[in-house]
Every structure is written in C-alpha cells, then in structure tokens.
Amino acid sequence: MSLTGTPFLYTAVVLSVVAFILPLVLWSRMRGPKAVRVAARVLMLLFAQATAVTLIFVMVNNQNNLYDNWADLLGTGNHVQQAANLGRDGTGGIALRRLPKVRQEFTAADGPAMHAAGGVRVTQLKGRVSGVDAEVYVWLPPQYGEPAYRDHRFPVVELLPGYPGSAKAWFGSLKVHEQLEPLMRSGRVAPFILVAPRTNLLAGTDTGCANVPGTVNADSWLSIDVPRMVSDNFRAAAAPANWAVAGYSAGAHCAVKLAVAHPDRYRAAISLSGYNDPIGERNSLTAQSVTLRERNNPYLLLRKAHVPPRIALYLSGESGDGYQAAVALEQVAKAPTTVHVVFLPRSAGGHNMALWRPQVPSVFEWLTVNMGQSRLRSGATPRAPSSAGSTRAALASGTASRAGAARKR
C-alpha cells in the first residue's frame, strides 16, 4: 500500500476509530486472571496511541510530501547506480551533443492533486551521465497541446523540494500547476514546462545537489541528465536563456547553487527560505567538510567568480530563515547578475508550505518577466510581499542559515 495514497489514509482513519472504540466496549468485559486483564488493557491503550500517532503522521506527510514511499521513510532507498568522478563540469568528458536521443515512457502520476490541471506524468530516468536512477515528474502547460503552439518551444522550470521531501511536493502540497494553469491561460504567466526530479537520492542524507565522487553525482543528475531528458522528449526551448530552477528550504539552496555554478544551463533561480552555507541542513552531505561547504556555498561561488554570471535570482525569506542569506547574495552580486530580495514578516507563516504556497503566482510572474517571456498586460507588474519597515542585516559573510542566523536591528 502506497505511503502517500488515499487508501493508506483511510486505513489509518479506520484503525484509529477501532482503537478508540475497543477500550470503551471491552474494558469492563475482560475475563480471566488479573494479569491477563491488565495486559489486554495495556495492549488496547498502546494500540490506540500507535494508531493515533500513525494517523497524524500520515496527515502531516500528505500535507507536506515529506516521504514519497516506504523506502524513503525507512531509509532503505538508494537511487545511485554509480558515482564516477565527472570532473569540474560534471560531464566526465562525455560529448553531450553526440548522445543519441532517448525516448522515455510516461505514465499518469498518482497521489493527491496529481490528476488536477491536466494531470502530472512521471517517468523512471536512468541518468547516462550521473549514474542516478530515479523518477521525474513533468507537467505540460495548457498551450502545449493546442494547434497554434504545435511549433512552439516552451521555457522550462525545474522544481526542487526540501529535505526530506518528495519530488511530488510542488504539485501535491504547493499546487503549483493548479495555481498557474489559469494564469497561463490569461497570459499573466508564460506557459512553462514544469519538471520535478527526485532529489532524495541517498538514504538519510541530503545530497546538497552536489557531485561527490564515489558517493553521488546529484549536480549532474539535475543539471545535465534531467534537462537532457526533457529536451529529448518535449518541445523545450534551448538553455540557458529559457531554463530556470526553483526550490524551497534545502531545495532553495540547491536552486541558487545550480544557477550560480552553471550559468550555461540556467538563466534564473528561485529561492524560498533558502540558505547559503550547506551547514544550514544538518544532514547535508556537503556540510561534512570545509572543502565541500566552500565548493557548494553560492555566496562564496558568486563572490569569487572571475566573471559575474548572467543570471537573475529571486530570494524570499523571513528574518533568520532565508532573508539574511538573500541579502548576503545581493551584497556581493555584480552585473550582469541581478538579485531580487523579498522580506517576509513573521506574520506570513513559518518554515512550511503555508508560507511558500501563496508565493507561487508572484514568483512565476517574476520569472515570466525576467526570462524574457513576458506576456503581461501593459503596466501589470508582479506584486511581491511588502518589505516596508524592514532593516537589512550587515553581514560579513554569506553563511546565514535558518538554524543560526539572527537579524540585527
């Protein structure tokens, strides 16, 4: 039975009801020796507690898409077939343009909201460069199947979840496709192809979307194999001008890092409550050594860049949860890099879906404009949460994280 499926939720509800009723009906009707009666009553209480905890977990997991399946929950999943040393560019010397096209088989994705707004499809992709074998979810904009667009190539946005987090989360919890479909039809948002690849590749470890020889090549999976698959199977526009990457929490860190490290693959990045230093996620693979932290800190990558990358960054966060990291990036960015920082007041919510879900329309309106895809009506500029009255932190480094940053006034 699927961990995130409706049948499992209903099963948990039924068991919880049964566990609640059992003591009411049987408590005083127990027969036999006192020790047996006590043991039976204790078991009933434990059963009631276990089913209640299970029901709460299932509801929270369905709401936030933390674990996609039992293997993710139990820490037994491993999606890395091999992790060769692929070098600085992550290609391993492979001539990507010479690789033959591979046609993938797609099926309708299951789960909450997966059938809404035209439906999300899924495929199992074996990365020819990264050595990763994992699922990728794809949603096509409403214009994709229209005759007027049969020769049109569409811009693409890769969507990355937090950690732990399911690749379905952007569709299930954030309802990105349901929110964007009417905006795409009205022309307020460009018709983007949305792609959500698995990022939880190692059991119990956040890969930090990095290449670590001998362990995982998550960077190459996300920035080479997944885009290559999309280009082979859909009418996707050419990178980097038409490609962006977006994420929340640990996925936000990954999105900015990928864009800063690969301006030849992405033109824009979205960070919702992200951080710069990988140590912001205690289970991050890239937080295990100083060298890995430095190589995967977008603040340091941006500050040390000999040629500032031609990318646009949209960064939002609350004080102590993404805002300071965003300001640090803004302070070191040099043209043609552009950084748009949005301060979110504490009243907007916490580090959860309730904070990120309402930002989806504004984020994609911003992407539409900054990726040259604008079809907005004249004068209709994207609105962002107000930063009125906020005071920027005077940071000496870009290592602010949700765990350790404190906004200075």
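Author: On a 1 Å grid over the protein atoms alone, a cavity is a set of points where a 1.4 Å probe fits but cannot get out, and lining residues have an atom within 4 Å of a point. The model is predicted: local features need pLDDT of at least 70, side-chain atom pairs count only at pLDDT 80 or more, and totals for chains, interfaces and linings use all residues. Residues are numbered from 1 along each chain as its sequence is written, and side-chain values use heavy atoms, without hydrogens and water.

Reader: Which residues line the largest cavity?

Author: They are Leu160, Pro161, Gly162, Tyr163, Thr199, Asn200, Asp206, Cys209, Ala250, Gly251 and Cys254.

Reader: What is the volume of that largest cavity?

Author: About 60 Å³, where a volume is the space filled by probe spheres set on the points, which are joined across faces, edges and corners.

Reader: How many cavities of 30 Å³ or more are there?

Author: The count is 3.

Reader: Turning to pockets, how much space lies in the largest one?

Author: The largest pocket holds about 820 Å³; a pocket is an open set with protein on both sides within 12 Å along at least five of seven lines.

Reader: Which residues are closest to its centre?

Author: Of 23 lining residues, Gly87, Arg88, Arg295, Asn296 and Leu301 are the closest to the centre of the largest pocket.

Reader: And what about the second largest pocket?

Author: Its volume is about 690 Å³. Among its 25 lining residues, Leu96, Pro227, Arg228, Ser231 and Ala239 lie nearest the centre.
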